[in-house]
Amino acid sequence: MTEPEENVGILESNSFSMSRLDELDGNLHDLVARREALGPCYRLFYQHPLHLVRGRGTRLFDADGTEYLDMYNNIPSMGHSNPYVTRAVTEQLGLINTHTRYVHENILDYADALLARLPQEIDRIMFMCSGSEANDLAVRCAQLYTGGEGIIVTAEAYHGNTALISGLSPSIGRDVPMSRTMRMIPTPDTFRLGTEEIGEWMCARVSEQIADMRRHGIKFAGVLFDDIFSSDGVIPGTPGFLAPVVELVHKEGGLYLADEVQPGFCRTGAGFWGFERHGITPDIVTMGKPMANGIACSAMAIRHEVLDAFAAKNPYFNTFAGNPVAMAAAKAVLAYIDEFGMLEHTRVMGEKLLGAVGEVAKAHPALGDVRGSGLFMGVDIVEPGTTEPDRALAVRLIEQLRENRVLISLCGPYGSVLKVRPPLVFDDADLDFFVGALEKSLVELGK
């Protein structure tokens, strides 16, 4: 067997090649051709791209009216076209939308409501427009507070695309330069390590990288982890395994930065925040557009003493971050979560999803490992009977699922892990639809 290719990059896992443009017909061909004006950096999903025009809940509809089940898009966390968010945004747009250098109740009400859901040590919050910006500011705050530069991430991490954060996001692609002061630990691959009890393993890897920093004259500032390791392959591990890692980081004079863009806001079903599965208190928490169901909004919540070290010399102004419309959307998301009991719903539906896909795996050994927490699951696609990743099959499988009207994508170091991450309004009908399509697709592929 040929050695599996590592670090294919999250943007390349299932992208359309413009060399196949002439295989498209009619209006779709013309629309894709017009994307030349956008330049060559963007990527489209699927070998036959989708022209989506409408969404509702977990369902998306293309220009021909074909209905798809969305098993991938976490940003509309409370469902596509959520009526609570739509109403809140529409009403606020009819009043005013401006920046945070004027007083407005929305940002204050939301800040109070969100801080009340965080550990009491985290008592300040600032707003941005994207998770990239939130992580950028978090790293800057950590570096100023500790006096260090060195940040540790995982080998397949994605934390954003600013100049600073791209250098801490190895999963973007092998040709993207990494920061000279960053260090990586290997993907905490519980499937191939053979255990979910990986706290000790992680501590050893972090210690190795801190020692390497010291040898190179780099002072350690902290770790930046997404606590379900989304881009590394969705790796929940045993709840609590991150507690000794946080203890080690603090002992070494660093800060623990929790990137909650993907695991936060009930996604893991074990708590409002992903870090709650581990019984830990981060020093800084970042979040992104799921907090406002897709409206451009993000935040950094932080201990006041850490923020004070940054604010002593650095004012911060992000023109429309925290604007009244974004805050109205974010407030609507919290209201929806509370009114419909979304945390418990996510826990229950996540257990059903994990069990159902686990049953499919018993009959289809190409599904080598099924793991997850809440409505966040990773499914390792392998050569049957082994732990060897089968990226080619994984790509064929998500293409086949698309033909069976399920939208999904890939992650992990080999681009061979199904990343299952539907809007949290996912219900029993959606579960039946997904499991049926998954079984049908595997049979059609002879797997």
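Reader: Where is Leu442 found?
Author: Leu442 is found in helix 13, where a helix is a DSSP run of H or I with at least four residues, a strand is a run of E with at least two, and both are numbered from the N terminus. Please keep in mind that this is a predicted model, in which local features need pLDDT of at least 70, side-chain atom pairs count only at pLDDT 80 or more, and totals for chains, interfaces and linings use all residues. Residues are numbered from 1 along each chain as its sequence is written, and side-chain values use heavy atoms, leaving out hydrogens and water.

Reader: Why does Leu442 count as buried?
Author: Buried means under 20% relative accessible area (over 50% is exposed, in between is partly exposed, with a 1.4 Å probe and protein chains only). Leu442 has 1% relative accessibility, so Leu442 counts as buried.

Reader: Which residues does Leu442 touch?
Author: Not counting residues up to four places away in sequence, Leu442 touches Val360, His364, Leu367, Leu397 and Lys447; contact means heavy atoms within 4.5 Å. Thr190, by contrast, is 252 residues from Leu442 in sequence and 24 Å from it in space, C-alpha to C-alpha.

Reader: What makes helix 11 and helix 13 roughly parallel?
Author: Helix 11 (residues 342-363) and helix 13 (residues 428-444) pack at an angle of about 20 degrees, with 11 Å between their axes. Axes are lines fitted to C-alpha atoms, for helices over the stretch in contact, and angles run from 0 to 180 degrees between N-to-C directions. Under 35 degrees counts as roughly parallel, over 145 as roughly antiparallel, 65 to 115 as roughly perpendicular and the rest as oblique. Helix 11 and helix 13 are therefore roughly parallel to each other.

Reader: Which residues make the contact of helix 11 and helix 13?
Author: Helix 11 brings Met349, Lys352, Leu353, Ala356, Val357 and Val360, while helix 13 brings Asp428, Leu431, Phe434, Val435, Leu438, Glu439 and Leu442. By class, this contact has 10 nonpolar, no polar and three charged residues (Ala, Val, Leu, Ile, Met, Phe, Trp, Tyr, Cys and Pro are nonpolar, Asp, Glu, Lys and Arg charged, and the others, Gly among them, polar).

Reader: And what makes helix 4 and helix 9 roughly perpendicular?
Author: Helix 4 (residues 131-146) and helix 9 (residues 304-311) pack at an angle of about 85 degrees, with their axes 8 Å apart. Helix 4 and helix 9 are therefore roughly perpendicular to each other. Leu137, Arg140, Cys141, Leu144 and Tyr145 of helix 4 meet Glu305, Val306, Leu307, Ala309 and Phe310 of helix 9. This contact divides into eight nonpolar, no polar and two charged residues.

Reader: How do you know that strand 1 and strand 2 pair?
Author: Two strands pair if DSSP finds at least two bridges between them. Strand 1 (residues 52-56) and strand 2 (residues 59-62) are joined by four bridges and run antiparallel, with Arg54 opposite Phe61. The hairpin of strand 1 and strand 2 has two residues between the strands, and Gly57 takes a positive phi near 65 degrees there. Strand 2 is also joined to strand 3 (residues 67-70), by three antiparallel bridges, and the partner of Arg59 is Leu69.

Reader: What covers the case for saying that both faces of strand 2 are covered?
Author: Arg59 and Phe61 lie on one side, Leu60 and Asp62 on the other, and all are buried. In a regular strand the side chains alternate between the two faces of the sheet. Strand 9 (residues 284-287) gives a further example: Ile284 and Thr286 point one way, Val285 and Met287 the other way, and all are buried.

Reader: Which strands run beside strand 9?
Author: Strand 8 (residues 255-259) is parallel to strand 9, with three bridges, including Asp259 with Thr286. Strand 10 (residues 298-302) is antiparallel to strand 9, with four bridges, and Val285 is partnered by Ala301.

Reader: Why does Ala326 count as buried?
Author: Ala326 lies in helix 10 (residues 324-339). Its relative accessibility is 1%, so Ala326 counts as buried. Leaving aside neighbours within four places in sequence, Ala326 is in contact with Ala292, Ile295, Ala296 and Cys297.
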